Amino acid sequence: MSETKKKYNVTGMSCAACQAHVEKAVSSLEGVTSCEVSLLTNSMQVTGTVSEENVIKAVENAGYGASVFGESDTASAEEALKNKETPKLKKRMICSLIVLAVLMYFSMGVMMFGWPAPFGIGSNHVALGIVEMVLSAVCMVINGKFFTSGFKSLIHLSPNMDTLVAMGSGVSFAYSVFVLIKMAQTNGMHGGLYFESAAMIVTLITIGKLLESISKGRTTDALKGLMQLAPKTAVIVKDGTEITVGIDEVKVGDVFAVRPGGSIPVDGVIIEGNAAVDESALTGESVPVDKDAGDHVSAATINRSGFIKCRAEKVGQDTTLAQIIRLVSDAASSKAPIARIADTVAGFFVTAVMVIAVIVFAIWMLLGAGIEVSLTRAIAVLVVSCPCALGLATPVAIMVGSGVSAKNGILFKTASSLEACGKTNIVVFDKTGTLTKGIPEVTDVITAEGVSEEEFLQTVFALEKGSEHPLGKACADYCRSKGISALSVEEFKVEPGRGVTGKIGGTLYLAGNAGMIGAKLPSSLEEAVNKVSEEGKTPMFFASEDKYIGMVAAADSLRPDSAEAVKELKTLGLKVIMLTGDNERTAKAIGRTAGVDEVIAGVLPDGKETVIRKLQKQGKVMMVGDGINDAPALTRADIGVSVSTGTDIAVDAADIVLMKASLKDVAAAIRISRKTIRNIHENLFWAFFYNILLIPVAAGAYSALGITMAPVFGAASMSISSFTVCMNALRLNLVKPYDTKHDRAVKYKTNDTVEEKEMTRTMKIEGMMCGHCEASVKKALEAVEGVEVADVSHEKGEAVVTISGNVDDAVLKKAVEDKDYKVISIS
């Protein structure tokens with residue numbers, strides 16, 4: 001059975017300890033490769049071959065609920081993200097405060113200040129105690145979720161934050177009942193009753209939970225905003241009649257109409273009309289894009305002007321918007337490596353706190369402090385400890401960071417990619433289609449002596465008008481733009497890798513590289529050829545059957561923002577490298593214009609992955625490409641960035657997708673990542689610092705200095721801790737990804753010693769016949785310890801093996817011959 005990745009809803013989690021217990025329960029199942037649980041979105045992603053039934057059973061056995069996240073859930077994802085917890089907590093808080101106010105009237109007002117009490121109970125301490133007990137019990141019933149969840153998790157041997165609250169409040173209440181019974185038996189004075197503490201603990205924690213819920217709800221605003229963009233209806237055209245239907249009724253192939261001001265309902269292609277389409281919802285780009293027949297449009301973009309008819313191509317969960325929502329949601333649900341520290345601590349945190357509370361109680365009893373003081377300090381330890389802040393430190397920052405990125409057309413696929421992006425040392429750009437436009441344009445036309453430009457261009461147009469080669473198309477487009485008339489051509493023939501030939505008016509003409517024209521090229525042309533080559537241009541030569549007639553130079557020009565993007569990355573302290581298959585002279589010319597630090601030229605598509613592997617010895621490598629020809633290199637890099645066209649964002653090889661196809665978004669992504677990681681560090685520091693500082697205070701460690709903490713203040717502190725973490729994460733909404741004012745360089749480190757130890761060996765191999773043979777030999781060699789990479793060619797009958805350390809030739813030979821190929825020599 002092949003591995004699958006499935007998403008589940010999880011219910012009943014209240015803190016980081018719950019999250020850790022669910023993760024542990026599912027991870028222990030046979031067939032589970034990875035399990036990531038999100039407290040923020042109450043969801044879980046499980047990768048492996050395990051069945052859904054076994055996953056759900058494991059979660060339920062741990063004391064929680066689970067269900068498979070299906071298509072219906074996705075369709076109603078906006079409903080799922082709705083903050084349903086806040087209204088419930090608000091009602092609980094109001095009821096708790098009313099009951100607590102009455103309780104405080106009796107416990108403090110009547111007792112301490114002599115305020116009036118009904119039925120004369122103010123003078124009867126036992127009666128007053130019974131009233132306090134009833135009111136406290138009512139308050140605890142209102143907040144009964146703490147007790148049901150807390151003791152349920154304790155029964156399953158997976159105590160959580162609710163367990164701490166329930167024990168703190170419950171012990172206070174139970175001890176007070178015990179004291180009240182003794183008072184009734186001895187008719188003693190009112191003393192040692194903690195009914196108000198029991199009620200105040202659960203009330204303050206509820207207030208804290210409410211604040212936390214409100215701030216957590218705000219962290220998902222970006223995701224909810226994306227979901228609200230989805231149109232609810234579409235205007236379908238059937239038999240010339242326009243019919244308004246629900247968005248769920250639109251099928252692939254349906255024709256829909258969109259008027260000015262209307263929202264495009266699904267992804268499609270324009271079949272009639274033209275429009276200026278506002279794509280800011282998807283790309284963050286505010287300037288509308290002109291669209292004509294044949295152009296693609298995406299759901300949730302807005303037609304600002306013009307009437308268009310389109311054919312639906314992607315509907316439902318296949319639209320670009322749906323893919324964006326899914327990516328942002330999955331990124332928020334996944335785990336960043338930095339979160340593992342908090343998760344590890346949270347796994348045993350609650351149990352440790354309970355043990356500490358027992359030890360604190362025992363120590364103070366042994367010191368003779370009495371049961372009242374000992375119990376107060378043990379309860380304070382229970383209620384001041386906050387596993388929630390630990391659990392929320394990372395996910396709230398990841399959620400807000402992912403949302404800010406999505407608003408700006410930058411999509412992080414996982415939390416790991418969001419973290420790793422900011423730690424990049426080297427940025428490698430593919431040249432064609434990434435740093436450059438990917439479309440060559442004619443830059444120079446040089447005719448031979450005695451040949452007019454118009455006459456020359458007529459010949460060029462005739463030979464290249466039917467060409468499929470990018471350079472040929474550039475020539476034909478240039479001639480069209482000049483209004484050149486096309487001559488008819490006969491016996492047209494393509495010479496692969498060289499050029500084309502054809503007869504015009506009975507005379508044979510040739511067009512192509514220097515090898516195609518041969519001896520017809522005059523020696524006087526050498527200077528002009530060298531000049532255009534040094535400028536990064538590609539020369540194409542034209543000749544008749546007996547003489548040279550002219551040259552056309554074309555270049556793949558840089559994107560408008562390439563040089564600025566490279567400059568920003570260098571300001572951020574990154575080394576920028578351009579990777580290309582072009583010849584070195586052309587590549588260096590383009591590299592100079594772009595301003596990159598290094599140019600690596602002459603690299604074939606299948607060799608890019610090898611280059612990335614070597615660069616990784618110098619630091620964390622980010623590869624930026626188009627996601628098609630660069631897939632192996634994108635996968636090999638620590639971070640793969642795909643420059644999207646805005647219609648297809650599901651580039652499997654990439655970790656980050658840039659929706660605007662603007663290279664300045666690379667620097668923006670790094671800024672967002674760095675700000676997010678800094679925010680997570682701040683949150684984790686606060687969460688750890690809070691617990692490390694206040695648990696000893698609650699335990700009475702500083703009582704000799706007069707510093708102590710009552711349980712109610714512990715509960716208040718616990719509430720504030722989680723709220724603070726959430727509010728700090730919300731500051732990420734203020735991040736300006738394109739602001740360069742605060743850019744700072746990060747010291748770049750290399751590891752040249754590793755490079756010095758590397759060496760290559762060339763193996764001559766017999767028996768390889770095809771690409772499958774190459775793959776088999778490559779896999780066998782790269783499985784040998786010490787082999788960094790093996791470049792195998794069945795055409796050359798060789799494998800160039802890069803090794804580090806000592807690898808015996810006999811080991812390499814055996815690895816290949818075990819696959820039934822014969823090794824002739826190793827040099």
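This is a predicted model: local features need pLDDT of at least 70, side-chain atom pairs count only at pLDDT 80 or more; totals for chains, interfaces and linings use all residues.
1. Start with helix 21 (residues 526–534) and helix 23 (residues 584–594). Their axes come within 7 Å and cross at roughly 50 degrees. That angle makes helix 21 oblique to helix 23.

2. Now look at who meets whom. Helix 21 brings N530, S533 and E534. Helix 23 brings R585, T586, A589 and R592. By class, this contact has 1 nonpolar, 3 polar and 3 charged residues.

3. Turn to salt bridges. The structure holds 23 of them. One joins the side chains of R259 and E242, at 2.8 Å from N to O. R259 sits in the loop between strand 7 (255–258) and strand 8 (267–273), while E242 is in strand 6 (residues 241–246). The two are 17 residues apart. R259 has 45% relative accessibility, so it counts as partly exposed. E242 is partly exposed too, at 35%.

4. K291 and E279 also meet in a salt bridge, at 3.1 Å from N to O. K291 lies in strand 10 (residues 289–291), and E279 lies in the loop between strand 9 (275–278) and helix 11 (280–283). The pair therefore ties together parts that are 12 residues apart in sequence. Both K291 and E279 are buried.

5. Next, check D430 and K608. Their closest N and O atoms are 2.7 Å apart, in a salt bridge. D430 is in strand 15 (residues 426–430) and K608 is in helix 24 (residues 608–615). This pair links parts of the chain 178 residues apart. Both D430 and K608 are buried.

6. Finally, find the network. Salt bridges link E568, K664, R671 and D743.

Terms used: Residues are numbered from 1 along each chain as its sequence is written. Side-chain values use heavy atoms; hydrogens and water are left out. Axes are lines fitted to C-alpha atoms, for helices over the stretch in contact, and angles run from 0 to 180 degrees between N-to-C directions. Helices (H or I, at least four residues) and strands (E, at least two) are DSSP runs, numbered from the N terminus. Angles under 35 degrees count as roughly parallel, over 145 as roughly antiparallel, 65 to 115 as roughly perpendicular and the rest as oblique. Contact means heavy atoms within 4.5 Å. Ala, Val, Leu, Ile, Met, Phe, Trp, Tyr, Cys and Pro count as nonpolar, Asp, Glu, Lys and Arg as charged, and the others, Gly among them, as polar. A salt bridge is a side-chain nitrogen of Lys or Arg within 4 Å of a carboxyl oxygen of Asp or Glu. Buried means under 20% relative accessible area, exposed over 50%, partly exposed in between (1.4 Å probe, protein chains only).
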